[in-house]
Amino acid sequence: MKRLFLILGMALTLVSNNAVALEPMPIVAVGPGARIHGADVSRWQHPNGRSIDFNKMLVAGVRFVWIKGSDSTDSADVLAKKYLLIDHSAAQQAGLYTGFYYYAHLPDSTDKVFIAADAKAQAQKAVWRLASIGGYTNQDLPIALDMENNCVRTSGGVCTKYMNKKYVTLWTTTWLAEVTAKTNRKPFIYSYPQFLETALVRSPELASYPLWIAAYGKDPALTTSQPGTKTVGCFAHSWTKSDCTSNWQFWQYTSCGIAGKYGVPGGRLDLNVFNGDAIKFQALTSGTWQPEVTDLLPVNEPTTMQMVSSSFATTNDPANFVVDVFRPDGTPVVTGTVDFKSVDTLMPNGVQSVVRSASGRWQIKITGLQAGTYVGFVEFIDASGTHAPSAIPVSFSITQGPTPIPQPSKKPAPKPAPAPVDSCAKQIRN
């Protein structure tokens with residue numbers, strides 16, 4: 001005999017063999033504009049490690065939550081993984097539908113083959129993360145690609161190089177197609193109208209993927225409101241329709257939601273609405289995917305390293321190395337970093353800066369080296385334990401350069417403190 005209980009907002013059906021089947025709560029359109037309401041969260045919604053009360057979020061009318069699940073950079077990815085594992089389980093136990101998004105950083109390259117290889121490596125990273133939470137169930141939305149940054153080189157915190165539109169489009173379509181092939185669901189793309197117009201080439205291929213659009217300042221409670229429209233003219237991108245509106249599925253309409261109202265620590269929260277009814281929403285969750293052993297993140301997988309280029313001269317010049325690190329199948333590694341180690345303890349390693357220019361490719365810049373001959377190795381290490389370490393032996397000589405003449409420094413005139421800016425001034429505060 002079956003008996004139905006409601007525990008913590010989740011419908012649990014007890015069947016005769018004592019198994020427990022979990023089902024999400026019914027989808028209700030009680031958000032602004034009688035739309036299905038949702039939120040999106042990341043580590044920033046966990047100040048000082050505090051937890052999110054997803055049961056309170058459910059009671060407040062939310063029915064789905066996007067969770068940051070992965071990132072191109074290792075340090076951000078570690079935090080994303082930590083809170084994905086916590087929030088994905090807690091949100092589904094509360095009865096919410098969940099999705100996770102991958103934040104993309106693009107490679108510093110104009111080589112089409114290299115760009116496509118990087119996109120495939122980052123797609124693999126996203127699939128491994130999905131596999132780590134058990135794949136897709138009927139309570140999961142497809143993965144979303146967070147594509148909002150086409151800067152590939154910075155200096156002093158300022159972007160000095162942006163990727164060309166055709167290469168951004170190549171990377172994006174490759175990532176989307178790779179994830180589709182591996183999970184049998186089309187991923188979403190998340191971005192804002194200006195980026196979609198200026199950083200991506202319009203194409204039917206892009207338009208075939210569902211859009212999660214970020215557009216603030218318009219109230220979704222008004223049925224006439226549409227995200228990403230101009231007062232005059234159109235944003236011309238792959239999802240633009242003939243009437244200048246966008247063909248969107250999810251709309252992130254504010255970053256200034258009242259966090260506490262939804263059980264979230266902190267002062268503000270991103271809020272979203274869905275463009276459609278419950279049947280259309282549930283169609284996005286069809287098609288489960290359970291990972292095979294080969295889909296799971298490898299442990300201590302062997303790696304090989306290749307020196308791409310090197311340069312070194314005098315004590316006044318930096319020593320530079322560019323290296324690639326590969327998996328056994330010849331594809332780039334997706335996590336880890338590199339450094340230079342001298343085997344002579346009397347010779348310093350200098351001041352090193354390491355830049356990841358793409359998946360599996362790093363540039364090492366070493367300053368402060370003394371004159372002499374250096375014998376050592378460039379090593380690859382992966383704190384996540386996904387890929388095994390590897391190394392290349394290197395030797396090079398640094399000659400003494402002329403002593404630089406110190407230049408007097410000018411003391412900059414003090415600048416007045418900028419006036420405080422209210423970033424929520426023109427946003428909806430629900």
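Strand β12 (residues 250–258) is mostly covered, with eight of its nine residues buried. Buried means under 20% relative accessible area, exposed over 50%, and partly exposed in between, with a 1.4 Å probe and protein chains only. Strands (E, at least two residues) and helices (H or I, at least four) are DSSP runs, numbered from the N terminus.

This is a predicted model: local features need pLDDT of at least 70, side-chain atom pairs count only at pLDDT 80 or more, and totals for chains, interfaces and linings use all residues. Residues are numbered from 1 along each chain as its sequence is written, and side-chain values use heavy atoms, leaving out hydrogens and water.

Two strands pair if DSSP finds at least two bridges between them. Strands of a sheet pair through backbone hydrogen bonds, either parallel or antiparallel.

| Strands | Sense | Bridges |
|---|---|---|
| β11 (residues 211–214) and β12 | parallel | three bridges |
| β12 and β13 (residues 268–274) | antiparallel | six bridges |
| β16 and β19 (residues 372–381) | antiparallel | six bridges |

Trp251 in β12 stands opposite Ile213. Trp251 also stands opposite Val273 in β13.

Next, an open sheet. Three strands form it in the order β16-β19-β20, with antiparallel pairing. β16 (337–342) and β20 (390–398) are the edge strands, each pairing on one side only. Neighbouring strands of this sheet are turned by 25 degrees against each other on average, direction ignored. Axes here are lines fitted to C-alpha atoms, for helices over the stretch in contact, and angles run from 0 to 180 degrees between N-to-C directions. Within β19, Phe377 is the bridge partner of Lys341.
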